[in-house]
Amino acid sequence: MARILVGTTDGIHEVGDSGRRAAIRHPGREVTAVSPEDNQLWAILDGREIWHTAGMTWWFHVADVLGLHATCLARTHAGVVVGSSEAHLFRVAGEGLEPVDSFDQAPGRERWFTPWGGPPDTRSVSEDDEAVYVNVHVGGILRSVDYGRTWRPTLPIETDVHKVLARPGRLYAASARGLATSADRGHAWTFHDEGLHAAYCRGVAVCGDSLLLSAAEGPRGRRTALYRGSLDGASLRHCGKGLPEFFDAHIDSPCLDAVPGGQLAAFGLPDGSVYASLDQGESWDLVASGLPRINSVLTLP
């Protein structure tokens, strides 16, 4: 049975594709992110604690991010890495965290910024084979092919990327300029906004033979919609079956997910609603509503 794990301001809620609910994990704790590792899970609790499972059921505390806010995490060839506020990267090492010093020395770091003048954040992490990609907001996408020993930029810093997603042979970036795709590990990029009502994109996911992308009219999430297209990023079409024409809030970067080689896709909205598709995004059903504010969505086969 397919599973949808929803990280919220009040624990992890498990929702089946038919709307079936399971017990809430970590009630009373804010869950920023949930990430898979084979048949195990990793999670960020209350913006600072890193937790892990044995067999997806028994959770245990691993480490704390001190003095910063943990924003994202992923199992990669560079280890289990945790992104944070102020655009730092940490690696789980035994029963603690160690800073990835090479990331702090990445070329161009001194020019990373945010539109409102605050410090940038590490926003998303993904990988394809040995290549690990980290998205900084705002600082583009950095790539490491040597297990995190060195990092190189792949996009101009000013591109304003909100999520990086690596899949075999192709790299995707949801950005303020639309969808960016690369077939050569980020050496060359193509931008797509054809078919979109607006180019400000936050979420991107791959489900089987389909690409899913969220787009809005700007950073406030006005007139947000979901799109579906081919894996090359072309032929994007508005997802309409089972969905309203527009939402009044972002389908945010960590809140859109799909089983890469399967049929299940899902997304969550800040108001606690969860929509799921069992046909690679062709049609959608509302499978949960009234959940606490949603921070992340993870789909599992």
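In the protein, 45% of the contacts between residues at least 6 apart in sequence join residues at least 24 apart, a contact being defined by heavy atoms within 4.5 Å. The structure is a predicted model, in which local features need pLDDT of at least 70 and side-chain atom pairs count only at pLDDT 80 or more, while totals for chains, interfaces and linings use all residues. Residues are numbered from 1 along each chain as its sequence is written, and side-chain values use heavy atoms, with hydrogens and water left out.

The protein contains one helix and 27 strands, assigned as DSSP runs (helices, H or I, at least four residues; strands, E, at least two). The C-alpha atoms occupy a box of roughly 45 × 45 × 35 Å along the principal axes.

Of the 301 residues, 59% are buried, that is, under 20% relative accessible area with a 1.4 Å probe and protein chains only.

No disulfides were found under the criterion of a pair of cysteine sulfur atoms within 2.5 Å. Cys201 is in no disulfide, and its nearest cysteine sulfur, that of Cys239, lies 13 Å away. Cys201 is buried because its relative accessibility is 0%. Cys239 is likewise in no disulfide, the nearest cysteine sulfur being that of Cys207 at 11 Å; Cys239 is buried, with a relative accessible area of 4%.

Notes: Buried means under 20% relative accessible area, exposed over 50%, partly exposed in between (1.4 Å probe, protein chains only).
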